[in-house]
Amino acid sequence: MRQEVERHEGLTRASNSHLGVANTVFTTHRIDSTLEALYLYQSDSQRLRRRGHDLYVRHVRGPNRNAQRAFDNTDRPAILAKFPCQFDFNKMDN
């Protein structure tokens, strides 16, 4: 299970991990180009920081969040299916 969790969370830098999904979304949406364009046209550092932060928050709460949720919805069941027992996540179990 450890190997699957490490892959899933991105420790192995696999493309089918949270890190891989984030990198794909980042590359697809060209966040770096947008940030560079802000720097070129905005000389005021306070304004640049604020707009850069807003862009980051929109990215994290938008396309990245959606991609990460979709990844979890397919990958978690695939990992759990590899084990002969079923996890019930019951807090009362000892």
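## Basis of the description

Because the model is predicted, local features are given only where pLDDT is at least 70 and side-chain atom pairs only at pLDDT 80 or more, while totals for chains, interfaces and linings use all residues. Residues are numbered from 1 along each chain as its sequence is written, and side-chain values use heavy atoms, with hydrogens and water left out.

Ser-17 is found in the loop between α1 (2-9) and α2 (18-29), where helices are DSSP runs of H or I with at least four residues, numbered from the N terminus. Its relative accessibility is 0%, so Ser-17 counts as buried (buried means under 20% relative accessible area, exposed over 50%, and partly exposed in between, with a 1.4 Å probe and protein chains only).

The side chain of Ser-17 reaches the backbone nitrogen of Gly-20 at 3.1 Å. When neighbours within four places in sequence are left aside, Ser-17 is in contact with Arg-7, His-8, Glu-9, Gly-10 and Phe-71, contact meaning heavy atoms within 4.5 Å.

Side chains of opposite charge can pair when their charged atoms come close. The structure holds three salt bridges, each defined as a side-chain nitrogen of Lys or Arg within 4 Å of a carboxyl oxygen of Asp or Glu.

One of them joins Arg-2 and Glu-6, whose closest N and O atoms are 2.9 Å apart. Because these two residues stand four residues apart in helix α1, Arg-2 and Glu-6 are separated by about one helical turn. Arg-2 is exposed, with a relative accessible area of 66%, whereas Glu-6 is partly exposed at 23%. Another salt bridge brings together the side chains of Arg-76 and Asp-72, at 3.3 Å from N to O. This pair is likewise four residues apart, here in helix α4, so that about one helical turn separates Arg-76 and Asp-72, and Asp-72 counts as buried at 15% relative accessibility.

## A salt bridge between two helices

Which residue meets the side chain of Asp-75 in a salt bridge? The partner is Arg-7, with a distance of 2.9 Å from N to O. Asp-75 lies in helix α4 (residues 45-80) and Arg-7 in helix α1, so the pair ties together parts that are 68 residues apart in sequence.

Asp-75 counts as buried, with a relative accessibility of 10%, and Arg-7 is buried too, with a relative accessible area of 13%.

Notes: Polar contact = N/O pair within 3.5 Å; in protein donor to acceptor, adjacent residues only side chain to side chain.
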